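Dear colleague,

Please find below the structure for your files. My notes on it follow directly after.

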Amino acid sequence: MNGLEVGVLGPLVVLRDGQPIAVSSDRLRALLAVLAISAGRFVSVDTIGAAVWGTDPPVSVRRSVQTCVTRLRRLIGAESIVTAPDGYILAIEPDNVDALRLLRWTNSEPGDPTSAAEILALWRGQPFEGIRPDWLAQTESARLVEHYLTVAEQLIDQLIDAGQLPAATIRLRELTTRHPLREPLWARLLIALDRSGRQAEALESYETIRSTLAGELGVDPGPELQRLYAELLVDDHSPIASVRVPQQLPSGTVCFTGRHEALAALTRLLPSAQRARPIVVAGVHGAGGVGKTALAVHWAHLVRDRFPDGQLFLDLRGYGPGAPMTPGAALDLLLSGLGVPVDQIPASIDARSTLLRTHLADRRMLIVLDNALNAGQVRPLLPGSSSLVLVTSRNRLRGLVVHHDAHQIGLDALRPAESIELIERLMPTSATADGEAGPAELAELCGHLPLALRIAASHHDRDRPNQVPALLTELREEQSRLDALQFDDESAGIRAVFSWSYRALDPASAQLFRLLGTLPTPDITPPAAAALAGITPSEARRLMNRLVEAHLLEERRPDRYEQHDLLRLYAGELAEEHDAAGRDSAVRRLFSFYIYSARAGRRKLGSGRGEPSAPLDPLLDSVVPLDFDDDRQAMAWFDSVRPVALPAIQLAISMGLDRTGYELSQMLSIGSLFRRDYHHVRRIHELGLACARRTADSLVEANSAQSVGTAWWHLGDNHRAIEHFEQAARLFGQEGSLQGSADVLEMAATCHYDLGQYDQAVDQLEQSVELIRRLPTDETEARKLNTLAMVYLWVGRPEDALTAGQRALELCGRSTHRLLESYVWDTIGQAQTHLRHFDDASRSYQQGIDLARDLDDQPHLAEIHANLAKSQQAAGRLDQARINIRSALQILRRLDIEETDDISRSELLAVLAGLDQVSSSHRPQ
């Protein structure tokens with residue numbers, strides 16, 4: 001990361017390597033602030049627009065944002081702002097933004113060495129002070145102020161506990177002046193004054209907050225302030241009369257592992273539960289088998305001493321065999337646990353609920369309500385004050401959030417390291433025949449789900465050492481994986497645990513859940529799910545959100561959903577049982593969606609050879625493919641479906657859909673191609689070629705052969721590439737395909753050039769251009785002219801290269817394919833450099849850099865920076881050359897790669913060393 005630091009907790013402060021940077025423009029200040037508050041994370045163009053222009057946006061927000069970003073990059077460094085699809089990311093460590101450091105500290109685990117006083121020192125005034133418009137202040141300030149006050153209250157608690165009452169009182173006087181309606185501050189002030197022997201001042205302070213609340217809000221002080229006031233009046237701090245203290249927690253889980261963040265989040269709720277105030281409700285939600293009960297019981301045992309009035313525990317049986325517990329039955333059990341005789345428990349639920357609140361009033365108790373079905377089942381069981389209620393459920397219990405300010409804590413599968421730790425604690429590593437790799441593979445096959453891991457570990461028997469290797473063999477086969485994760489007691493196996501969530505679904509959600517089990521990968525979007533189920537995208541999104549609520553699906557990113565591997569296998573079994581007739585049709589619709597969405601994306605990108613010469617099968621009825629607003633949106637979609645390509649083709653092959661497998665290979669390979677993952681491209685197209693050969697369609701086979709050849713060329717094997725190109729040329733010639741023949745001539749020419757056969761390369765490229773001019777395709781001709789220009793450069797004909805490049809640029813302008821245009825500007829820059837037109841070359845390279853950065857084509861961006869550096873070196877502009885070499889190196893480092901098609905890290909470092917040596921030799925001695 002760079003040395004950038006940004007402060008927004010007061011007037012904007014910007015430092016780079018410790019030196020202040022002045023950002024005087026209101027728009028740039030607002031832009032930097034909105035990027036900083038999301039440091040390291042994506043910020044959309046729409047969000048930036050709202051922050052920079054408020055309610056008066058420009059006509060073209062996107063273009064105006066791009067202009068502001070360009071200006072801000074000049075101030076803070078081009079590498080500090082990374083272009084993302086439809087937005088930007090500030091490349092800065094979150095702790096280098098004061099607001100994010102504040103938020104991290106308030107959410108950190110106990111034991112963070114940073115003190116509350118250090119964090120409070122970051123506060124320099126009102127957040128985003130002086131930044132106009134005030135959109136950020138309106139949307140973010142309240143959250144930051146709340147976290148600031150949380151830190152301040154923690155510091156004051158520390159001062160009071162340490163007996164530093166004057167210091168605590170001074171801070172509280174200041175804070176209550178600035179935040180006159182915040183009752184927790186007044187409560188602490190009353191405590192500090194009382195412990196200082198200043199009861200009269202404490203009573204005066206109570207009257208101040210009482211009159212303020214009455215005048216401003218028309219309400220009385222809350223229960224905590226009223227209790228403190230009563231204690232001041234009677235000067236009696238004696239504990240309440242002794243009552244029966246229930247201790248109902250079940251025994252904790254053996255070998256509890258991980259969950260540090262969830263435990264810390266629960267522990268942070270404790271200070272609020274210590275004083276008499278409205279109840280604290282925490283909801284732990286997650287999928288079946290993820291370990292919600294284990295977490296709740298483990299944490300409850302850790303903190304039980306913080307609840308002197310006892311602990312209640314109740315399994316509400318929301319999910320499992322049998323009917324869920326009714327609220328009436330639950331109230332009976334809770335009241336009995338508090339010592340209420342059965343004959344004194346009233347008949348109606350409302351009366352029982354009231355009696356429960358009466359018995360729990362002013363008692364600090366921990367109440368664990370396990371396995372809740374929904375918020376309606378829980379609501380009658382909640383006390384009125386003082387206690388902390390911990391609810392676990394497979395449902396997100398949003399009703400408790402809305403009506404009781406419940407804190408939600410979601411549980412996912414364990415992290416890989418935690419899974420391995422759990423396995424090694426439950427069974428010795430030697431139990432896995434594969435040695436050290438055994439636990440890691442076992443954890444992966446169990447999907448890092450705690451229940452599955454415990455079931456797998458239960459197979460270990462010291463007297464039967466071959467059981468675990470046999471289990472691994474069974475788990476490796478998807479068809480038998482769920483069978484391997486069963487108990488003798490069927491009700492405790494993985495299928496049974498999943499079934500309780502599935503049975504709670506409505507019919508439409510249940511059908512979509514089953515169909516998701518037929519997917520080749522766990523990742524899907526609502527439009528793709530709509531095609532799969534034959535419904536509208538809005539209906540798919542609604543059903544998918546229901547599945548998310550039930551933890552049968554997870555929304556990992558906005559509008560991208562994912563199913564746990566074991567749940568997907570379970571759903572697939574259900575689909576085979578219930579949807580045999582419609583399953584193949586559903587998958588065919590999904591394939592059609594992918595193929596035609598990819599076609600729209602390729603057209604928007606102007607990708608390579610355009611569409612394959614062979615026509616696609618018609619779009620299936622009811623399928624609505626995606627359309628894309630711009631090339632960046634298309635590229636983002638191709639990136640998202642890269643993991644889909646190989647599994648989808650393999651699924652098509654297994655269904656006997658060879659034509660579809662070929663079409664998927666042609667259309668979905670574009671993401672891996674643009675990201676330079678050529679090994680993945682080759683595997684995709686080799687599967688596609690196998691499909692193509694079985695179709696007995698010459699054009700289909702020719703397209704696939706050419707695609708495989710192109711992949712081999714990218715991988716540096718020109719001889720294998722030429723073999724496939726020659727096969728494709730023969731087939732294209734048989735079919736009379738001018739487009740195909742021109743394309744394959746172009747690719748063969750690049751191979752011949754690489755092999756040193758220059759005349760043959762130029763001849764083939766000129767033939768390719770002549771063929772393509774007989775077709776009305778500006779983009780295709782532009783691409784071939786760009787390739788021809790590069791070969792002209794390689795054979796020492798820079799004037800011809802410049803002419804071909806300029807003609808290609810004209811055609812790009814007519815076809816509006818910006819991705820190709822960035823490559824053409826690069827080619828023109830190289831031609832101008834060869835002709836020693838260095839100023840023209842710099843302008844051309846900058847055009848290419850702007851386009852590549854805007855399109856997030858990072859590998860090509862690195863290549864253009866390197867080419868610009870070479871041009872500047874030739875012109876004697878060594879300082880500028882050094883800057884661009886370093887920019888290229890930074891991109892390679894960020895991408896974690898050693899080389900692209902045209903540059904390598906080692907070559908760049910050698911050039912940089914040469915530049916530094918030249919600079920040092922010219923220094924005065």
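How many nonpolar, polar and charged residues does the lining of the second largest cavity have, by class? That lining has five nonpolar, no polar and four charged residues, where Ala, Val, Leu, Ile, Met, Phe, Trp, Tyr, Cys and Pro count as nonpolar, Asp, Glu, Lys and Arg as charged, and the others, Gly among them, as polar.

This is a predicted model, in which local features need pLDDT of at least 70 and side-chain atom pairs count only at pLDDT 80 or more, while totals for chains, interfaces and linings use all residues. Residues are numbered from 1 along each chain as its sequence is written, and side-chain values use heavy atoms, with hydrogens and water left out.

Cavities

The structure holds four cavities of 30 Å³ or more. A cavity is a set of points on a 1 Å grid over the protein atoms alone where a 1.4 Å probe fits but cannot get out, and its lining residues have an atom within 4 Å of a point. Points are joined across faces, edges and corners, and the volume is the space filled by probe spheres set on them.

The largest cavity has a volume of about 130 Å³. Its lining comprises 17 residues, with Ala287, Asp412, Glu554, His564 and Leu567 nearest the centre; by class, the lining divides into nine nonpolar, four polar and four charged. The second largest cavity holds about 60 Å³ and is lined by Leu605, Asp631, Met635, Phe674, Arg675, Leu819, Leu855, Asp856 and Asp857.

Helix packing

Helices (DSSP runs of H or I, at least four residues) and strands (E, at least two) are numbered from the N terminus. The axes of helix 24 (residues 507-516) and helix 27 (residues 565-578) come within 6 Å and cross at roughly 110 degrees; axes are lines fitted to C-alpha atoms over the stretch in contact, with angles from 0 to 180 degrees between N-to-C directions. The two helices are therefore roughly perpendicular (65 to 115 degrees). Their contact (heavy atoms within 4.5 Å) involves Phe513, Arg514 and Leu516 of helix 24, and residues of helix 27 including Leu567, Tyr570 and His578. By class, this contact has seven nonpolar, two polar and two charged residues.

Backbone features

A cis peptide bond, with omega about 0 degrees, joins Arg132 and Pro133. Pro133 is found in the loop between helix 5 (116-120) and helix 6 (135-161). Leu397, although not a glycine, has a positive phi of about 55 degrees; Leu397 sits in the loop between strand 10 (388-393) and helix 17 (398-404).

With kind regards

Technical notes: 1 Å grid on protein atoms, 1.4 Å probe; cavity = no way out; pocket = protein on both sides within 12 Å on 5 of 7 lines; lining within 4 Å. Parallel < 35°, antiparallel > 145°, perpendicular 65-115°, else oblique.
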